[in-house]
2 protein chains.
Amino acid sequence: MKKSKDENTEQQILEAAKFVFQSKGMDGARMQEIADQAGINKAMLHYYFRSKQLLFEAVFNNAFSLLAPQLKAILNDESSIEDKIKNFTSSYISFILQHPYIPNFIIQELNRNPDFMIKMKENPNFPNLDKFKYQLNKDIQAGIIKPISAEQLFINIMALNVFPFLAKPLLMAFTNSENETYSQLMAERETEVSSFIINAIKKN
Amino acid sequence: MKKSKDENTEQQILEAAKFVFQSKGMDGARMQEIADQAGINKAMLHYYFRSKQLLFEAVFNNAFSLLAPQLKAILNDESSIEDKIKNFTSSYISFILQHPYIPNFIIQELNRNPDFMIKMKENPNFPNLDKFKYQLNKDIQAGIIKPISAEQLFINIMALNVFPFLAKPLLMAFTNSENETYSQLMAERETEVSSFIINAIKKN
DNA sequence: ATTTAGTTTAACCATTTGGTTAACAAAAAT
DNA sequence: ATTTTTGTTAACCAAATGGTTAAACTAAAT
């Protein structure tokens, strides 16, 4: 069997497809551009992935499976609520530095085709809020944390972490920053965001 | 001159284009679909707007000029910081109910083509943070509010308000809600978000 | 009544695009 | 050594797409 050769090509295609799909979206991406980016013939894309749709789904699933563990950490590990918030904030920011296009890509494509989410949810280890909710309610009853629903707190944590990267062009304009100063703003958020959240929910 | 007729057609085109562009984006939108939606011949689109690009820009600018006043309110009116946060939160949520596609559309298209923002910024009455910053610093020095940069606070306010609508499909999955229960969650946020922010920044 | 100017349509066009095919190359298996 | 399987390419194809054109239609101005 030829192994090295085709696994290599398949990987090259996925790399190229990831680059093109994540920067232009499903509708804006062109099969020819992906082939050029991978340095191969366009027919190879169909040889390995059959159609644009299936190649796209491969890229999307890859991206989603990178994001999921980030979320599981905050929802299911054993640390305290306060530590979870701190850990999530700092790990999310370093995640973004490695995969800057992922959040935008996922949000954009989910809005284009919300059915994607249905398939994802069928996965039995799709993250859920149960543990986080239980833990939060315990802290609320113990009087450590002000009353808030787990759903709302989860949304707030996600919002404060993810939004600044989604809305980068808009926020750069409003805060009157260049690329560099905006990155600085984002770096400051690593501590800023978690203390903001903790101030909001902690009883004094 | 025939006036009523053509102004009507132009308006119908804009309505249809808004619908199609805002739900499918520039790349996903088809001129034929816009024409069908408007109930007219495809050639009319070019007669009135010359090209897909120009028609798109008309729709984009319309959308943006609906959003801008929302932001100006929080940045430039005379109320206290606390009131601004409350007002923005509740007015933003009712804005979304009237124009549910706008935030997604703007964020998506700005990421596709950040140069759009450059033209917008050239507008002399493009919103800026100066007044908000001055007002916030005064409150911080007076000891009413904990130290935080105006940029970070502004980002946080935007994030908490806008993100839940951008990430609706994702958050519906995580919070395990259907359309109806998710709308309820959003309704709760009208008070939830502003008290969350105020708790985070107010000195006790 | 006729000219004039703007509006609308059907038919058409060139290009782009996702996808296919048939022939060729290179390993593996026999 | 030769057959078979797998990988790769260039050329091709049909459908879709943004855009154009020339003719027909409409209503106001003369």
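This report describes the predicted model of a structure with chain A and chain B.

## Basis of the model

Residues are numbered from 1 along each chain as its sequence is written, while chains are lettered from A and ligands numbered from 1 in the order in which they are written. Because the model is predicted, local features need pLDDT of at least 70 and side-chain atom pairs count only at pLDDT 80 or more, whereas totals for chains, interfaces and linings use all residues; side-chain values use heavy atoms, with hydrogens and water left out.

## Fold of chain A

Chain A contains eleven helices and zero strands, where helices (H or I, at least four residues) and strands (E, at least two) are DSSP runs numbered from the N terminus. Along the sequence the pattern reads α-α-α-α-α-α-α-α-α-α-α. The C-alpha atoms occupy a box of roughly 65 × 45 × 30 Å along the principal axes.

Of the 204 residues of chain A, 51% are buried; buried denotes under 20% relative accessible area, exposed over 50%, and partly exposed the range in between (1.4 Å probe, protein chains only). Among the contacts in chain A with a separation of 6 or more, 66% come from residues 24 or more positions apart, a contact being heavy atoms within 4.5 Å.

## Annotated regions

An unreviewed UniProt entry places the feature "domain: HTH tetR-type" at residues 7–67 of chain A. UniProt positions are given in the numbering used here, feature names are shortened, and annotations may be inferred rather than shown by experiment. In the model, residues 7–67 of chain A are 89% helix and 0% strand, with end C-alpha atoms 24 Å apart.

The annotation "DNA-binding region", also from an unreviewed UniProt entry, covers residues 30–49 of chain A. This span is 80% helix and 0% strand, and its end C-alpha atoms lie 15 Å apart.

## Interface between the chains

At the interface, 50 residues of chain A are in contact with 50 residues of chain B. The two chains bury about 4,700 Å² between them, 71% of it on carbon and sulfur atoms; buried area is the accessible area (1.4 Å probe) that two parts lose on being put together, summed over both. The elements giving two or more residues to the side of chain A that touches chain B include helix 1 (4–28), helix 4 (52–76) and helix 9 (150–166) of chain A. Helix 9 of chain A gives the most, with 13 residues. The residues on this side of chain A divide into 32 nonpolar, ten polar and eight charged; Ala, Val, Leu, Ile, Met, Phe, Trp, Tyr, Cys and Pro count as nonpolar, Asp, Glu, Lys and Arg as charged, and the others, Gly among them, as polar.

Asn104(A) is located in helix 6 of chain A and is buried, at 15% relative accessibility. Leaving aside neighbours within four places in sequence, Asn104(A) is in contact with Phe165(A), Leu166(A) and Asn111(B). The side chains of Asn104(A) and Asn111(B) are joined by a polar contact of 3.2 Å (a pair of N or O atoms within 3.5 Å; within protein, one must be able to donate a hydrogen and the other to accept it, and residues adjacent in sequence count only if both atoms are side-chain atoms).

## Salt bridges

Over all chains there are 13 salt bridges, each defined as a side-chain nitrogen of Lys or Arg within 4 Å of a carboxyl oxygen of Asp or Glu. Glu82(A) pairs with Lys202(A), the closest N and O atoms being 3.0 Å apart. This pair links helix 5 (residues 81–98) of chain A with the segment after helix 11 of chain A, 120 residues apart. Glu82(A) is partly exposed at 26%, and Lys202(A) is partly exposed at 36% relative accessibility.

In chain B, Lys131(B) and Glu78(B) form a salt bridge of 2.5 Å, N to O. Lys131(B) lies in helix 8 (residues 130–141) of chain B and Glu78(B) in the loop between helix 4 and helix 5 (81–98) of chain B, so the pair ties together parts 53 residues apart in sequence. Lys131(B) is partly exposed at 29% relative accessibility, whereas Glu78(B) is exposed at 68%.

## Positive phi in chain B

Arg50(B), in the loop between helix 3 (42–49) and helix 4 (52–76) of chain B, has a positive phi near 70° and is exposed at 68% relative accessibility. Asn176(B) has a positive phi of about 55° although it is not a glycine.
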